[in-house]
Amino acid sequence: MRYIDVYREYDSDSGFLLVTKDCIQTDKADISRQPNAKSFTMADGSFCLYPSAMDSAAMTLSLECSGSQANALASAVRFGRLYFAGMRAGGLTSHSPTDANYFSQINDNAFVGYLTENATVRILEIEAAADLFSVRIPLKLLLDSYGKPKLQTVPVLKISSLSLFGTAENFSGYAYKKGIFYRKNVIFTSETEAEIAFSYSGSVSGLKAAVFKNQQTFLNWDVSSGKYSGTLPLTVGENCFTFQLYTANSYYKHAYFQFVIYRNPSIS
């Protein structure tokens with residue numbers, strides 16, 4: 001499953017604005033290629049071809065999303081050029097949160113798609129009760145000088161490392177679903193506190209981080225490049241914490257990590 005984040009150009013520090021996030025790519029990712037060469041039949045009946053340095057690449061992106069996501073996409077159609085992170089196009093893919101090496105990449109890349117005057121974006125209701133829609137977007141893909149679909153760097157908030165109880169977390173132990181990285185396994189402990197630490201090596205200004213449980217915030221940081229740590233109190237039983245990396249604006253896709261620590265009851 002590939003989660004697609006859609007951006008458009010915007011006058012901000014990053015140069016981009018997040019249109020919507022976590023749409024699901026469905027159907028095939030077929031690309032059609034058409035040469036832009038011009039051919040002529042000469043007066044004597046011979047054939048003449050004027051080749052072009054570039055051809056065109058077209059595809060229809062099929063997405064499954066909610067009503068609010070579909071509305072956000074519909075509102076962005078008029079900009080004519082959108083950026084699709086996480087997408088699969090032919091034999092190429094851009095970074096998606098479900099990729100095994102997702103956190104080894106500081107930035108994400110996105111396909112550049114043009115919506116021409118002949119494009120008709122279709123928004124189809126799949127199931128009203130489930131707030132489920134299908135969006136089909138005909139695209140012309142921007143190509144590089146080698147004829148491959150070009151990938152553009154787009155801004156995404158990512159941490160470099162995360163540790164719990166002094167042990168570095170392996171991000172492969174987290175599963176991504178609906179905008180959150182969930183730790184697959186529960187941590188069992190008899191400790192009354194849990195140490196959490198993370199590092200960030202990016203350069204986003206105004207970045208913040210927080211850890212909360214049951215809508216109560218326990219830790220807060222103003223983040224620049226460096227390492228940060230804190231201590232979380234543990235109650236007996238299940239402690240479900242969410243770590244959030246975010247900014248005050250909507251230019252960036254925020255990062256969420258959820259982990260469960262189960263504190264064993266004391267035995268006297």
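**Salt bridges and a hairpin**

User: How does lysine 208 count by relative accessibility, and at what percentage?
Analyst: In this predicted model, local features need pLDDT of at least 70 and side-chain atom pairs count only at pLDDT 80 or more, while totals for chains, interfaces and linings use all residues. Residues are numbered from 1 along each chain as its sequence is written, and side-chain values use heavy atoms, with hydrogens and water left out. Buried means under 20% relative accessible area, exposed over 50%, and partly exposed in between (1.4 Å probe, protein chains only). Lysine 208 therefore counts as partly exposed, at 32%.

User: Which residue meets lysine 208 in a salt bridge?
Analyst: A salt bridge here is a side-chain nitrogen of Lys or Arg within 4 Å of a carboxyl oxygen of Asp or Glu. The N to O distance in this pair is 2.6 Å.

User: How many residues apart are lysine 253 and aspartate 5?
Analyst: The two form a salt bridge, with the closest N and O atoms 3.0 Å apart. Lysine 253 is buried at 5% relative accessibility, and aspartate 5 is buried at 2%. Lysine 253 sits in the loop between β23 (237-246) and β24 (255-263), and aspartate 5 in strand β1; the separation is 248 residues.

User: Where does the salt bridge of aspartate 99 and arginine 2 place each residue in the chain?
Analyst: The closest N and O atoms of this pair are 3.5 Å apart. Arginine 2 is buried at 13% relative accessibility. The residues are 97 apart: aspartate 99 is in the loop between β9 (92-93) and β10 (108-114), and arginine 2 in the segment before β1 (3-9).

User: Which residue in β12 stands opposite arginine 122?
Analyst: Two strands pair if DSSP finds at least two bridges between them. Strands β11 (residues 122-127) and β12 (residues 132-141) pair in the antiparallel sense over 5 bridges. They form a hairpin with 4 residues between them, and aspartate 131 in the turn has a positive phi of about 55°. Opposite arginine 122 stands arginine 136.

Note on methods
Helix = DSSP H or I, 4+ residues; strand = E, 2+ residues; numbered from the N terminus.
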